[in-house]
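Biologist: I am new to this one, so could you walk me through its charged side chains? Let us look at it together.

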Amino acid sequence: MAQRENIGAILVREGLVTDEDLQAARGIQAETGEALTRVLVDERMIDETKLVRVLADHMGIEYVSLADVTVDPIAALLIPETLARRYSVIPYGFEDDALLIAMADPSNVLVIDDIRAITGLRVVARISTRSDILDAVRRMGAYDDSVSDLAGMMTEEEEPEDLSNLEAAVEEAPIVKLVNTLVTRAVNERASDIHIEPGEHDLRIRFRIDGVLHEVMSSPRSVSGAVVSRLKIMAELDIAERRVPQDGRVSLRVSGRPIDLRVATLPSIYGEKVVIRILDKDDAVLELADLGFLPESLDRFEASYRKPYGTILVTGPTGSGKTTTLYSTLNILNKPDVNIITVEDPVEYRLPGITQVQVNRKAGLKFATVLKSILRSDPDIILIGEVRDGETAAIAIEAALTGHLVLTTLHTNDAASSVGRLIDMGVEPYLVSSSIDSILAQRLARRICDRCKVSKEVEGDLVRQMGFDPDDGPLTIFDAVGCKVCSDTGYRGRLSINEILLMSEEIQHLAVERRPSDEIKKVAVEQGMKTLRRDGMDKVRLGLTTLEEVMRVVV
């Protein structure tokens, strides 16, 4: 009672409750037997976060906001859900050799002792709000009372070398639940890739969200063998082979959505690194306008793909959204009266009504081989995953010249340099000029979060550097800030920055004469092509992204 009175006196002194509220709360406490602090929060006499902060100062214990930290699933799996809910406690990470736990009542030393006994680890308790703790428990998913703890694996200094022991370890419920939680969380956070990287002392896990890697957890290295082996079993890879890279695929459903995972392992000095590419079939096909095409760019591009024949090149570095743009275009063209065939390596997304062929080099099924067969299969539209060599380029050009619409990708920095790249591959300049209809170069920039963006005015030299006339007055642009909606990044989603070169008669002459790409670009701009940089700056001005983001992705 003395301790309760002390807490009450502290709250009154801090001005968080009045004497009247305190007396009323004690009356309810006498009837219900609830803790005084619980009564104050339940009766809305005090804000829970303010209460916990005062208690933290009073008790000399560090306060942690679980809304601002990432809860490590490996840590959370160490105790049963019933224990977490009963005592409002959750392990949320590791610090050196200690387990960090958040508690609503860190004075409960019996619970701390129980967690120490369950995990076999030194425990550091910190205080948090009960509501934040229960929210975190709910986010981690429903854990069974029967879930085995990871203490045995956690305290081992080395990974189990015996294959039978490893196979047994990966079938343990915590490892299965951990991997499932990891994939589910990555899908819910819109990650495109999961990086699982064993280091000398820990296992680092990062998500690539909107093209940028973010570290989401760092856990003891001793669990890495079981985690990696579980993923290899799911992808039907050889768990005994750790010396060479392996590739596999997993199809599953996450929250009712069909998801494909492409799993790639890479041996490193501290163990196998695993990179998982997440292919969300529901997000595979988008409207071109949703990808970030401005109306005038969309009109230029549509003029090309609506033609019955010719070649459309989509260029850009790896990860610039070329495949997504092509699939979105195919989705528009996919009609019952059109025969569409694709050849890809690998087939990333399935589209109904389209014949999709996957390259198989081991079986001798290469791009050029497949293309020759495709031309005998009466196609109207052909999609080629990538032009990688002169033979593939020549067949693609031939297909375009014989009345087919060909869509394909090429790795070049901008649209104008694609002409020279094809000629360098051995395609005759006159064939390039006569077969190509348009070239779309693109990059992906992060889309600014509408919930937290902040406007600012820029003028003078900066306006000029952006490509606009400073005499027209200051420009209003936006800065990325960060909030819960965008996971404190300031960005949510991505949009394409693009330039579309239409193969006019004048540009055809330049191609035949093997003129350099800067000359071709100059003429294209004079004929209405908006460069990557200008398109990006227009999107900055429209408040779709930030100046820093455009400068990051466009040289």
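Modeller: Happy to! A residue is called buried when its relative accessible area is under 20%, exposed when over 50%, and partly exposed in between. Keep in mind that this is a predicted model.

Biologist: Is R185 buried or exposed?
Modeller: R185 has a relative accessibility of 14%. The cut-off for buried is under 20%. R185 therefore counts as buried.

Biologist: Which residue forms a salt bridge with R185?
Modeller: Side chains of opposite charge can pair when their charged atoms come close. For R185, the closest N and O atoms of the pair are 3.0 Å apart. The partner is partly exposed, at 25% relative accessible area, and its name is E189.

Biologist: How many residues apart are R190 and D210?
Modeller: These two form a salt bridge, with 3.1 Å between the closest N and O atoms. R190 lies in the loop between α11 and β4, and D210 in the loop between β5 and β6. The pair thus links distant parts of the chain, and the separation is 20 residues.

Biologist: Where is E549, the salt-bridge partner of R446?
Modeller: The N to O distance in this pair is 3.2 Å, and both R446 and E549 are buried. R446 sits in strand β15, 103 residues apart from its partner. E549 is in helix α23.

Biologist: Which residues are linked with E296 in a network of salt bridges?
Modeller: The count of salt bridges in the model comes to 29. In the network with E296, the linked residues are K530, R534, D538 and R541.

Technical notes: Residues numbered from 1 in each chain as written. Predicted model: local features only at pLDDT ≥ 70, side-chain atom pairs only at ≥ 80, totals over all residues. Heavy atoms only, no water. Salt bridge = Lys/Arg side-chain N within 4 Å of Asp/Glu carboxyl O. Buried < 20%, exposed > 50% of the residue type's maximum accessible area, 1.4 Å probe, protein only. Helix = DSSP H or I, 4+ residues; strand = E, 2+ residues; numbered from the N terminus.
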